[in-house]
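This report describes the pockets, surface patch and salt bridges of one protein model. The sequence and the structure are shown first.

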Amino acid sequence: MDVAIGERWQSFVTNAVKDGKFASASDVVNEGLRLVEEREAKLQALRETLAASIARGGSYSDEEVAAFIASRHERRTAAKAAG
C-alpha cells in the first residue's frame, strides 16, 4: 500500500526514526494505527456502556455527567504525564 501523508507527517516520521524512537517508517505507521484501533475500541466500549445505561434509565443531570467526564479526563491526563 502506498499512502501520501503530507510534508508535516513525513517530517514527523523521519525524525522519529532518526531519533531512534522507531526502527523504520513502517514501525511509526503501525504504532499510529495501533493507537487509532485502541481509541476506536475504547469509544465503542463507551458507546455500549452509554447505551446500556440509557436502556436502564437514570437520573443524572447534564452537569453531573460533564463533571464525571472531566474528572476521568483529568485522571487519565495525569496518569499519562506521570507514566
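In which helix is the place of G32? G32 lies in helix α2, helices being DSSP runs of H or I with at least four residues, and strands runs of E with at least two, numbered from the N terminus.

## Basis of the report

The model is predicted, so that local features require pLDDT of at least 70 and side-chain atom pairs pLDDT 80 or more, whereas totals for chains, interfaces and linings use all residues. Residues are numbered from 1 along each chain as its sequence is written, and side-chain values use heavy atoms, with hydrogens and water left out.

## Largest pocket

The largest pocket holds about 1,200 Å³ of space. Grid points are joined across faces, edges and corners, and a volume is the space filled by probe spheres set on the points.

The lining of the largest pocket comprises 26 residues, with L46, L50, F68, I69 and R72 nearest its centre. Helices α2 (25-56) and α3 (62-82) each contribute at least two lining residues, and α2 gives the most, with 13 residues. By class, the lining divides into 11 nonpolar, 7 polar and 8 charged residues. In this scheme Ala, Val, Leu, Ile, Met, Phe, Trp, Tyr, Cys and Pro are nonpolar, Asp, Glu, Lys and Arg are charged, and the others, Gly among them, are polar.

## Second largest pocket

The second largest pocket has a volume of about 550 Å³. It is lined by 18 residues, of which V13, V28, V29, N30 and G32 are the closest to its centre. Two or more lining residues come from each of α1 (6-18) and α2, and α2 gives the most, with 10 residues. The lining of this pocket has 13 nonpolar, 4 polar and 1 charged residues.

G32, which is among the residues closest to the centre of this pocket, counts as partly exposed because its relative accessible area is 30%. The classes are buried under 20% relative accessible area, exposed over 50% and partly exposed in between, with a 1.4 Å probe and protein chains only.

## Nonpolar surface patch

M1, V3, I5, W9 and F12 make a nonpolar surface patch of about 600 Å². Patches are built from residues with over 30% relative accessible area and no salt bridge; like charges are joined within 9 Å, and nonpolar side chains (Val, Leu, Ile, Met, Phe, Trp, Tyr) within 5 Å. Accessible areas come from the Shrake-Rupley method with a 1.4 Å probe, and for residues only the protein chains shown count as cover.

V3 counts as exposed because its relative accessibility is 51%.

The model has 4 salt bridges, each defined by a side-chain nitrogen of Lys or Arg within 4 Å of a carboxyl oxygen of Asp or Glu. E31 and R34 are paired with an N to O distance of 2.7 Å, and R34 also meets E38, at 2.9 Å. K42 in turn forms a salt bridge with E38, the closest N and O atoms being 3.5 Å apart. Through shared partners, E31, R34, E38 and K42 are joined into one network.

Which spacing along the helix separates E31 and R34? Both lie in α2, 3 residues apart, about one turn of the helix. R34 and E38 are 4 residues apart in α2, about one turn, and K42 and E38 are likewise 4 residues apart in this helix. E31 is partly exposed because its relative accessibility is 27%; R34 is partly exposed at 36%, and E38 is partly exposed at 33%.

Definitions and conventions
1 Å grid on protein atoms, 1.4 Å probe; cavity = no way out; pocket = protein on both sides within 12 Å on 5 of 7 lines; lining within 4 Å.
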